[in-house]
Amino acid sequence: MNEKRDENGNLLSDVERTTKLGQILRNLSLDEIPQLFNILMGHMSFVGPRPFTAEYLTLYDDYQNQRHQVKPGITGWAQVKGRNTLSWQQKFELDIWYVQNRGFFLDIKILFLTAIKLFKFSEVNNSKEVTAVAFNGNN
C-alpha cells in the first residue's frame, strides 16, 4: 500500500491505497512470507489463530481472549473456513474452536486445506474491502 491521503491529511481507504503489485502479492498470499521469520524466532506457529492488530487487545471479552492460549499462526481454522469473508464473530468462534480442539492431525488438515485455498485464490478478501473490516469490540 502507499501512503496517499485526502485533502485533510487522512489516509485514503485500503482499496484506494493498494498498488497493483500489492494486489498481486495479496492475491497470491505472498505478503505472508515475512511471517516465516516470526516462526523461526518462536513467536508464531504455522497453524494457529491469525494475529490481529494490537489495537484490538483492549476490545476483547473473556471469550475472545481464549484465542491467545496458543501461538498465532500463518494459517488457521478460520482462514480455511472463510478468511476475510467471515464476520468477526465467526472468526472468534472458529479460532476458539481450534484452541479447544487443536492437535497434530487437525494442523495437518488445516495445512492441506490452506494449500488448496492458495491455489484456488479463494476468499482472500470480502467483496467490499482489500483488508478485513476493522474490529470494534462487541458493539
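Residues are numbered from 1 along each chain as its sequence is written, and side-chain values use heavy atoms, with hydrogens and water left out. Because the model is predicted, local features need pLDDT of at least 70 and side-chain atom pairs count only at pLDDT 80 or more, whereas totals for chains, interfaces and linings use all residues.

## Overall fold

The protein contains seven helices and two strands, where helices (H or I, at least four residues) and strands (E, at least two) are DSSP runs numbered from the N terminus. Along the sequence these elements follow the pattern α-α-α-β-α-β-α-α-α. Of the 139 residues, 33% count as buried; here buried means under 20% relative accessible area, exposed means over 50%, and partly exposed lies in between, with a 1.4 Å probe and protein chains only. Among the contacts with a separation of 6 or more, 68% are accounted for by residues 24 or more positions apart, a contact being defined by heavy atoms within 4.5 Å.

## Helix 6 and helix 7

Helix 6 (residues 88-101) has 14 residues and reaches 20 Å from its first C-alpha to its last, close to the 20 Å expected at 1.5 Å a residue. Helix 7 (residues 104-120) has 17 residues and spans 25 Å between its first and last C-alpha, close to the expected 24 Å. The expected span is 1.5 Å times one less than the number of residues in the helix.

The axes of helix 6 and helix 7 come within 9 Å and cross at roughly 140°, which makes helix 6 oblique to helix 7. These axes are lines fitted to C-alpha atoms, for helices over the stretch in contact, and the angles run from 0 to 180 degrees between N-to-C directions. Angles under 35 degrees count as roughly parallel, over 145 as roughly antiparallel, 65 to 115 as roughly perpendicular and the rest as oblique. Helix 6 contributes Trp97, Tyr98 and Asn101 to the contact, and helix 7 contributes Leu106, Asp107 and Ile110. By class, this contact has four nonpolar, one polar and one charged residues, with Ala, Val, Leu, Ile, Met, Phe, Trp, Tyr, Cys and Pro counted as nonpolar, Asp, Glu, Lys and Arg as charged, and the others, Gly among them, as polar.

Which residues of helix 7 are buried? They are Leu106, Ile110 and Thr114, and they cover an arc of only 80° around the axis, which puts them on the same side of helix 7; the arc is that of the directions from the helix axis to the C-beta atoms. The face of helix 7 turned away from this buried side carries the exposed residues Phe104, Phe105, Phe112 and Phe119. The buried residues of helix 7 are covered by elements including strand 1 (45-47), strand 2 (73-75), helix 5 (77-80) and helix 6.

In helix 6, the buried residues are Trp88, Lys91, Phe92, Leu94, Asp95, Ile96, Tyr98 and Val99. Their cover includes strand 1, helix 4 (62-65), helix 5 and helix 7. Asp95 has a relative accessible area of 3%, and, leaving aside neighbours within four places in sequence, Asp95 is in contact with Pro49, Phe52, Arg67 and Ala78.

## Residues around strand 1 and in helix 1

Gly42 and Met44 both have a place in the loop between helix 3 (35-40) and strand 1, while Ser45 is found in strand 1 and Glu16 lies in helix 1 (residues 14-17).

| Residue | Relative accessible area | State |
|---|---|---|
| Glu16 | 48% | partly exposed |
| Gly42 | 32% | partly exposed |
| Met44 | 8% | buried |
| Ser45 | 25% | partly exposed |

Not counting residues up to four places away in sequence, Met44 is in contact with Gln35, Asn38, Ile39, Pro51, Lys71, Pro72, Gly73 and Ile74. With the same exclusion, Ser45 touches Ile39, Lys71, Pro72, Gly73 and Ile74.

Gly42 and Lys71, 29 residues apart along the chain, are separated by 8.9 Å, and Met44 and Val70, 26 residues apart in sequence, by 9.2 Å. Ser45 and Gln35 are 10 residues apart along the chain, with 9.3 Å between their C-alpha atoms. For Glu16 and Arg5, 11 residues apart in sequence, the C-alpha separation is 9.6 Å.
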